[in-house]
Amino acid sequence: MQLINHTLKHYAGSKEPVAKSQNKMNITILTGAGISAESGLKTFRDSNGLWEGHDVMEVATPEGFARNPALVLEFYNQRRRQLLEVKPNAAHLALAQLQEKHNVHIITQNVDDLHERAGSNKVIHLHGELLKVRSCGNIKNIKHWDKDIIVGDVCEKGHQWRPHIVWFGEAVPAMDEAITIVEKADAVIIVGTSMQVYPAAGLMQYAPEHAKLYFVDPNPSLSSNDTLTVIAENATTGVAKVIEMIEK
Ligand code: OAD
């Protein structure tokens, strides 16, 4: 079991078979907050990022939620309100288009729904989804939610609703499914992540030997080598370049 924050716990998610049909490549995309930056959403660790103005231990842990639920709910209410005001950018859209030619899976650390709104139809959210809530009394009681959550919003059984977000120290339910997908990849494109949070940051290690790896980030934490091509650019221009390289 792996726990988020350096040791992440996970339990088996549903296992979708990853089929490879002729002429189609299995392309796996791993995204982080950087892909949504040009849509207007803040990243976490850049200067003026979310973790500069907020204490991660207070707003993104179960302990923080137990201490001050109103503070945590308001942090995610602000995120949700902002999300409803922004749109997918050219990088989200280009990745969605890629699925017309290839078998594309998106594995995102992001809790926004910009990949889905761009049209991607195989999206795994490792760290949960901002537009869903789950019951504090039952981890499986999850539903769509696009307004503020306040203390006192409770499920049918009287338990408080909480954001459907994987907080530090909590299980990452989608990890097994994500590993299975990366293991079948012919190409892995990583976009806009500082690669600091595990187990997400370790996923690329599951790529098969023959897979080509690409990393798009204006401030990349990795350097190019025999298997990895780093494109030190913003997502909107960098993703277009990677797609061009793959199509060649
Ligand atoms: P970070 O904030 O750690 O990293 C954002 C990355 O995006 C950095 O490497 C930036 O250089 C890059 N970036 C900035 N602008 C960009 C642009 N226009 N195009 C492409 N890249 C750009 O965000 P994550 O790596 O996603 O988890 O953070 C991982 C996890 O840590 C998040 O899912 C969140 C956070 O704590 C939880 O809250 C559970």
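Trainee: By class, how many residues in the lining of the largest pocket are nonpolar, polar and charged?
Mentor: This is a predicted model, where local features need pLDDT of at least 70, side-chain atom pairs count only at pLDDT 80 or more, and totals for chains, interfaces and linings use all residues. Residues are numbered from 1 along each chain as its sequence is written, and side-chain values use heavy atoms, leaving out hydrogens and water. Ala, Val, Leu, Ile, Met, Phe, Trp, Tyr, Cys and Pro count as nonpolar, Asp, Glu, Lys and Arg as charged, and the others, Gly among them, as polar. The lining has 23 nonpolar, 15 polar and eight charged residues.

Trainee: Which helix gives the largest share of the lining of the largest pocket?
Mentor: Helices here are DSSP runs of H or I with at least four residues, strands are E runs of at least two, and both are numbered from the N terminus. H1 (50-53) and H4 (69-83) each supply at least two lining residues. The largest share, five residues, comes from H4.

Trainee: Is Cys155 buried or exposed?
Mentor: Cys155 sits in the loop between strands S5 (138-144) and S6 (161-165). Buried means under 20% relative accessible area, exposed over 50%, and partly exposed in between (1.4 Å probe, protein chains only). Cys155 has 6% relative accessibility, so it counts as buried.

Trainee: Which residues does Cys155 contact, leaving aside neighbours within four places in sequence?
Mentor: Contact means heavy atoms within 4.5 Å. With those neighbours left aside, the partners of Cys155 are Ser135, Asn141 and Trp161.

Trainee: Why does Arg162 count as buried?
Mentor: Arg162 is in strand S6. Arg162 is buried because its relative accessible area is 7%.
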